[in-house]
Amino acid sequence: MTLTLTSGKTITVSAKPYDYCFVAASTALIVIDMQRDFIEAGGFGEALGNDVSQLSAAVPVTAALLKLARELGMTVVHTREAHLSDLSDCPPSKLTRGNPSCRIGDPGPMGRILIRGEPGNDFVPALQPLPGEIIIDKPGKGAFYGTPLQERLQQLGITHLLFAGVTTEVCVQTSMREANDRGYECLLIEDATASYFPHFKQATLAMMHAQGGIVGWTASLSALSAAINPKKNESNNAEEQHESPCEEISALQLNLPDVLVDLNSAFEQYEHALVQHDVATLDQFFWFNAQTVRYGIAENLYGGEAIRTYRLACAPVPPGRRIVRKVSTSFGHDFGTVSIEFSSSDAQNVGRQMQTWVRFPEGWRIVAAHVSLM
Ligand code: C5J
């Protein structure tokens with residue numbers, strides 16, 4: 001059963017260091033490396049001398065977490081630490097580190113160690129992905145390094161991530177830190193993650209939520225479950241039924257997935273036209289109205305007419321324009337902002353651009369924009 005009705009409602013989880021709020025529609029569950037290579041005997045984990053039985057308790061908890069996420073209709077991502085069979089994506093440092101009994105790429109009881117497509121590289125049977133769920137093969141410890149994960153999450157308008165998987169202090173911690181630096185709000189489910197070294201797991205949980213949640217939040221699966229299916233409050237005392245501050249955010253209809261897809265598509269068409277110096281398309285995307293404002297690098301333009309006149313005379317953007325970072329945010333069905341950092345091939349033009357978009361009957365239009373160089 002998919003609880004689609006709850007996918008736009010804010011869920012408030014009792015977490016460390018304080019309550020964690022998320023909306024299922026803009027949240028993904030990231031299950032890190034629940035692979036036979038780490039969890040079962042004969043894989044990479046054991047080749048490094050570890051006691052793989054330490055990880056087994058996290059498997060049923062992660063299965064329960066997956067079930068909850070699927071019922072909520074959340075995006076689900078499964079990562080695998082996996083290398084190409086020719087090892088061209090495996091740096092020599094990783095290959096030789098630790099002087100293991102069996103190296104990455106060597107034959108083992110479950111096929112070649114940590115190699116894509118080998119039986120040992122697969123997910124454990126209890127945590128197999130369902131059709132439509134995202135699978136990310138990653139060459140490193142972090143889920144973002146050398147993978148399309150960031151693009152996939154951005155396309156889906158994901159802002160919040162729930163983490164599970166192994167091992168807590170290696171791939172889970174690295175991935176959550178990578179996500180935190182990219183602006184995601186991250187919650188690690190404490191009993192859905194495990195380490196070969198229990199004290200490393202505890203230390204990792206503590207350092208994640210220390211300093212006001214410097215990397216993110218942690219909570220147990222039961223806390224998450226209670227937040228999703230809250231028991232009816234026995235008291236009917238209205239004074240006790242105060243709203244969570246997060247309820248106000250859900251009322252804004254933040255980042256509805258369909259809206260974000262449309263907004264990003266309009267932005268991409270505009271960006272394509274900018275690189276092609278397609279002036280007619282650029283003009284079309286600016287709201288032709290006296291209220292429209294565009295602050296350029298060296299000019300302040302008020303009104304559609306001024307923007308159009310400027311555009312006719314302006315030079316194309318420098319070659320090699322590349323978007324380094326992008327944040328799209330929508331509110332409701334017809335309003336959004338897209339902010340980017342960009343660079344060019346000569347590295348002279350590193351800058352930022354913010355656009356405010358409104359959906360009119362004729363389509364998405366920019367009603368205010370600001371560009372500046374660093
Ligand atoms: C390790 C991982 N520990 N998935 N990988 O090498 O944590």
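**Entry 1: a term first.** I count two strands as paired if DSSP finds at least two bridges between them. I also note that this is a predicted model.

**Entry 2: β3 and β4.** I started with strand β3, residues 27-32. Five bridges link β3 to strand β4, residues 75-81, and the two run parallel.

Entry 3: I then turned to strand β8, residues 160-166. Six bridges hold β3 and β8 together, again in parallel. Here T27 sits opposite H160 in β8.

**Entry 4: is β3 covered or open?** I checked burial along β3 and found six of its six residues buried. Next I asked which residues of β3 point which way. T27, L29 and V31 go to one side, while A28, I30 and I32 go to the other. Both groups are buried. I recall the general rule: side chains in a regular strand alternate between the two faces of the sheet.

**Entry 5: out to β7.** From β4 I moved on to β7. The two pair in parallel through five bridges. E81 has K138 in β7 as its bridge partner.

**Entry 6: the whole parallel sheet.** I could now write down the order: β7-β4-β3-β8-β9-β10. These six strands make an open sheet with parallel pairing. Its edges are β7 (134-138) and β10 (217-219), and each of them pairs on one side only. On average, neighbouring strands in this sheet are turned by 25 degrees against each other, direction ignored.

**Entry 7: a second sheet.** I found another open sheet of six strands, ordered β12-β11-β16-β15-β14-β13. Its pairing is mixed. The edge strands are β12 (300-302) and β13 (322-331), each with pairing on one side only.

Entry 8: I picked out β14 (residues 335-343) and β15 (residues 351-360). They run antiparallel and share eight bridges. S339 stands across from M354 in β15.

**Entry 9: the core.** How many residues does the largest nonpolar core have? I read off 74. L29, F163, L187 and I189 have the most contacts inside this core. Strand β9 (residues 185-194) gives the largest share, six residues. The core takes at least three residues from each of domain 1 (10-240) and domain 2 (257-373). As background, nonpolar side chains tend to be buried together in soluble globular proteins.

**Entry 10: around the ligand.** Which residues are around the ligand? I listed D33, F38, E81, K141, V166, T167, V170 and C171. By type, this shell has four nonpolar residues, one polar and three charged. E81 was already on my page as the bridge partner of K138 in β7.

**Entry 11: the chain as a whole.** The protein chain has twelve helices and 16 strands. Of its 374 residues, 35% are buried. Its C-alpha atoms fill a box of roughly 70 × 65 × 40 Å along the principal axes.

Conventions: Residues are numbered from 1 along each chain as its sequence is written. This is a predicted model: local features need pLDDT of at least 70, side-chain atom pairs count only at pLDDT 80 or more; totals for chains, interfaces and linings use all residues. A residue is near a molecule or strand if its C-beta atom, placed from the backbone, lies within 6 Å of it. Ala, Val, Leu, Ile, Met, Phe, Trp, Tyr, Cys and Pro count as nonpolar, Asp, Glu, Lys and Arg as charged, and the others, Gly among them, as polar. Helices (H or I, at least four residues) and strands (E, at least two) are DSSP runs, numbered from the N terminus. A nonpolar core is a set of buried Ala, Val, Leu, Ile, Met, Phe, Trp, Tyr and Cys residues joined through C-beta atoms within 7 Å. A residue is buried if 20 or more other C-beta atoms lie within 10 Å of its own, exposed if 12 or fewer, and partly exposed in between; C-beta atoms are placed from the backbone. Domain bounds come from an automatic or database domain assignment. Axes are lines fitted to C-alpha atoms, for helices over the stretch in contact, and angles run from 0 to 180 degrees between N-to-C directions.
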